[in-house]
Amino acid sequence: QVQLVESGGGLVQPGGSLRLSCAASGRTFSSYGMGWFRQAPGKEREIVAAVAWSGRSTYYAGSVKGRFTTSRDVAKNTVYLQMNSLKPEDTALYYCAVDRSPFRPRVGLQSSEYDYWGQGTQVTVSS
């Protein structure tokens, strides 16, 4: 049974930082890309960042580029999202997800390209 468990969310002031973690089990995740998505109230889910199975390719949404960094620790089956210079508009429920295709030659950008999802961790940026 594949499981993804996110952690690290919370309440932070504007300009602050958080690091989200996503611990995976039930699959050899070294062969799969991983993505981070978020969904704010009343808005559609959007991709935030993603890392290819090799770890050599990453993607960042324009709204977070330069502020967020994703990385993966294959030995720990864990992917991270370091979020710096947080803004109120970053407030959302953040999800990690696993690419449905092993060894995808590019980073998956659509939610339909991911088949397992975590339960989400809430990030609230407010003073």
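The structure holds one cavity of 30 Å³ or more, a cavity being a set of points on a 1 Å grid over the protein atoms alone where a 1.4 Å probe fits but cannot get out. The model is predicted, with local features requiring pLDDT of at least 70 and side-chain atom pairs pLDDT 80 or more, whereas totals for chains, interfaces and linings use all residues. Residues are numbered from 1 along each chain as its sequence is written, and side-chain values use heavy atoms, without hydrogens and water.

Strands 3 (18-25), 7 (68-73) and 8 (78-83) each contribute at least two lining residues; strands are DSSP runs (E, at least two residues) numbered from the N terminus.

A disulfide (cysteine sulfur atoms within 2.5 Å) joins Cys 22 to Cys 96, with the sulfur atoms 2.0 Å apart. The link is right-handed, with 55° about the S-S bond. Because Cys 22 belongs to strand 3 and Cys 96 to strand 9, the pair ties together parts 74 residues apart in sequence.

Met 83 is in contact (heavy atoms within 4.5 Å) with residues including Leu 18, Leu 20, Phe 68, Tyr 94 and Val 123, residues up to four places away in sequence not being counted.

Definitions and conventions:
On a 1 Å grid over the protein atoms alone, a cavity is a set of points where a 1.4 Å probe fits but cannot get out, and a pocket is an open set with protein on both sides within 12 Å along at least five of seven lines; lining residues have an atom within 4 Å of a point. Grid points are joined across faces, edges and corners, and a volume is the space filled by probe spheres set on the points. Helices (H or I, at least four residues) and strands (E, at least two) are DSSP runs, numbered from the N terminus.
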